[in-house]
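Please open the model in a viewer and keep the selection panel at hand.

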Amino acid sequence: MELLLACRGAWDTPDRSGDPVDLHDHGLQTAALLRRSHPFDKELQVAGLVHDLGHLLFPGDDAGHADHAAEAVRPLLGDRVARLVRLHVPAKRYLAAVEPDRALSPQSALTLRAQGGVMDEAEVRAFAADPDAEAAVTLRQADDAGKVVGLDAGVMEDWRPVLELVAARAYGRTP
């Protein structure tokens, strides 16, 4: 929770030239969208909440932010949440390949190249075969939509019980 709360006033770019909302609001918006579209997939919702923590942990590392976030959350939230967090960047590359007319935010379009660019056909096939591909694409779509200035997506504290539930399930404990 401390790390998530530290996202208030932290941005995806050190100079604030990136997305129009801070990491706090972006995580809340992404998670809220996933809660609405996938109410029973708590791990997916939590992945939406924490997917950009790498920007806070390693400012300016657009190419590695998903990997950094995945490694940071794995010990507490488990393998699936970490895997979805890691896959949200390949999902962007995948969507850029299969939906070339799909709009990206200016910052996402800018970072696409640093993150490997549009997937080639072999990468598209490999990604699509991944058992978590569909969930990763859903996370990516919520990620792209969760950048609305002034949108009230609730408060971080409301996510504490969900985080506790996912953490307990990840390690076979009763919540």
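How many cavities of 30 Å³ or more does the structure hold? There are three. A cavity is a set of points, on a 1 Å grid over the protein atoms alone, where a 1.4 Å probe fits but cannot get out; a volume is the space filled by probe spheres set on the points, which are joined across faces, edges and corners.

The model is predicted: local features need pLDDT of at least 70 and side-chain atom pairs pLDDT 80 or more, whereas totals for chains, interfaces and linings use all residues. Residues are numbered from 1 along each chain as its sequence is written, and side-chain values use heavy atoms, without hydrogens and water.

**Largest cavity.** Select Asp-19, His-55, His-65, Ser-108 and Thr-111, which lie nearest its centre among 16 lining residues (lining: an atom within 4 Å of a point). The space amounts to about 140 Å³. By class, the lining has eight charged, seven polar and one nonpolar residue.

**Largest pocket.** Next, select Met-1, Leu-4, Leu-76, Leu-77 and Leu-163, the residues nearest the centre of the largest pocket (a pocket is an open set with protein on both sides within 12 Å along at least five of seven lines). This pocket holds about 240 Å³.

**Ala-170.** Finally, select Ala-170, which touches Leu-77 and Gly-78, leaving aside residues up to four places away in sequence (contact: heavy atoms within 4.5 Å). Asp-41 is 129 residues from Ala-170 in sequence, yet 13 Å away in space, C-alpha to C-alpha.

Terms used
Nonpolar A, V, L, I, M, F, W, Y, C, P; charged D, E, K, R; others polar.
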